[in-house]
Amino acid sequence: MLEEPLFGPLATATAAIAVVCTAAGAGLALDEGRAGAATPTAGAATRTASSTGASSAGSAFTGSDFTGTRKIRVDGHSVNVSCAGRAHRGRPLVMLMAGGGEGLDNMAALQKSLSRTNRVCSYDRLGEGASDQPATGTLQTVDDTGALLTGVLDRLAGDRPVVLAGHSLGGYIAARYAPGHTDRVKGLVLLDATIPHLTRDMNRTIPADATGVPAQVRDGAIAVNEGQNPEQFVIADGPVRSAGHIPVEILKHESQYAEVPEYGPALEKMWAGGQREWQRISTRSRLTTAKGSGHYIHTDRPDLALKAVQKVAHRAAHQH
């Protein structure tokens, strides 16, 4: 599942790197195997196009008339999408956004649970899952990922309101996207989202003279942020922009850095501070620690992830 590590085996720091760097398979020793092992198959929520009679990539359809996985065309790219659940009048579409180095299957269990009462979709960003690769030798920015997300929502949501629910890097992208699209995005759920100033804060937390595993954690995180990840995506530092008064639920892990004892407390403080920064995105944001959870809140505490998305979707449907 993972590519060969860039810095050699980091067996004692894999958990810390996974949460800091956000991108498995980015050329680092990122141990996302635990989440992979816990990730169920897509099941009914992501049946293949062939099993549902879906037509080929690029064919026309509306965002409310299919269940399963399909390939759609967005700005000349083939994008893998999955949808389940019925559209209800006045209810938003829930769009799930997986972390870096992962395809939409990583959130399939949450999608299946949500589909009982919501129309819910997910998609593979360029470089992930079954979607196209980004252009060789180019770096993607938040504008690029935002344009792709807009195209996906145009196809799957139409003019319906949307709630974005993102884990890790998916949460970062959702939080950067929402403030500029409040005409469409009416709610936000961030599941241990990559923090707004990760490069700055990592350099402050692990000093330049650090050696061994801590130095590898710091340098690995910075390398991923500079675009050494499957999406060739630059995870840039920047201030949190306001999305006004939309409902926002922010869930952070309880414990993640035990394998880097020398800097573990400082890294936890860094991550918690970044989650508090995300609260500035809305006057109606709430931060909760997911007890008993590591970075993969939707697998460690699926009950909390489900409750958070359902709450935001309900509020989004009833806000005036």
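Residues are numbered from 1 along each chain as its sequence is written. Because the model is predicted, local features need pLDDT of at least 70 and side-chain atom pairs count only at pLDDT 80 or more, while totals for chains, interfaces and linings use all residues, and side-chain values use heavy atoms, with hydrogens and water left out.

Q: What makes β5 and β6 paired strands?
A: Strands are DSSP runs of E with at least two residues, numbered from the N terminus, as are helices, which are runs of H or I with at least four residues. Two strands pair if DSSP finds at least two bridges between them. β5 (residues 162–167) and β6 (residues 185–191) have 6 bridges in the parallel sense, so they meet that definition. Within this pairing, His167 stands opposite Leu191 in β6.

Q: Why are β1 and β8 called edge strands?
A: The open sheet has 8 strands in the order β1-β2-β4-β3-β5-β6-β7-β8, with mixed pairing. β1 (68–74) and β8 (284–290) each pair on one side only, and this makes them the edge strands.

Q: How do you know that helix α9 packs on the sheet?
A: Contact means heavy atoms within 4.5 Å, and α9 (residues 264–278) touches β6, β7 (247–253) and β8. Its direction makes about 175° with that of β7, where axes are lines fitted to C-alpha atoms, for helices over the stretch in contact, and angles run from 0 to 180 degrees between N-to-C directions. Helix α11 (residues 302–318) also packs on the sheet, and its direction makes about 170° with that of β7.

Q: Why is the crossover from β7 through α9 to β8 called right-handed?
A: A crossover is right-handed if, with the strands pointing away from the viewer, the path from the first strand over the helix to the second runs clockwise. The β-α-β crossover from β7 through α9 to β8 is right-handed, and β7 and β8 pair in the parallel sense over 7 bridges.

Q: What makes a space a pocket or a cavity?
A: On a 1 Å grid over the protein atoms alone, a cavity is a set of points where a 1.4 Å probe fits but cannot get out, whereas a pocket is an open set with protein on both sides within 12 Å along at least five of seven lines. The largest pocket has a volume of about 300 Å³, and about 30 Å³ of space lies in the largest cavity.

Note on methods
On a 1 Å grid over the protein atoms alone, a cavity is a set of points where a 1.4 Å probe fits but cannot get out, and a pocket is an open set with protein on both sides within 12 Å along at least five of seven lines; lining residues have an atom within 4 Å of a point. Grid points are joined across faces, edges and corners, and a volume is the space filled by probe spheres set on the points.
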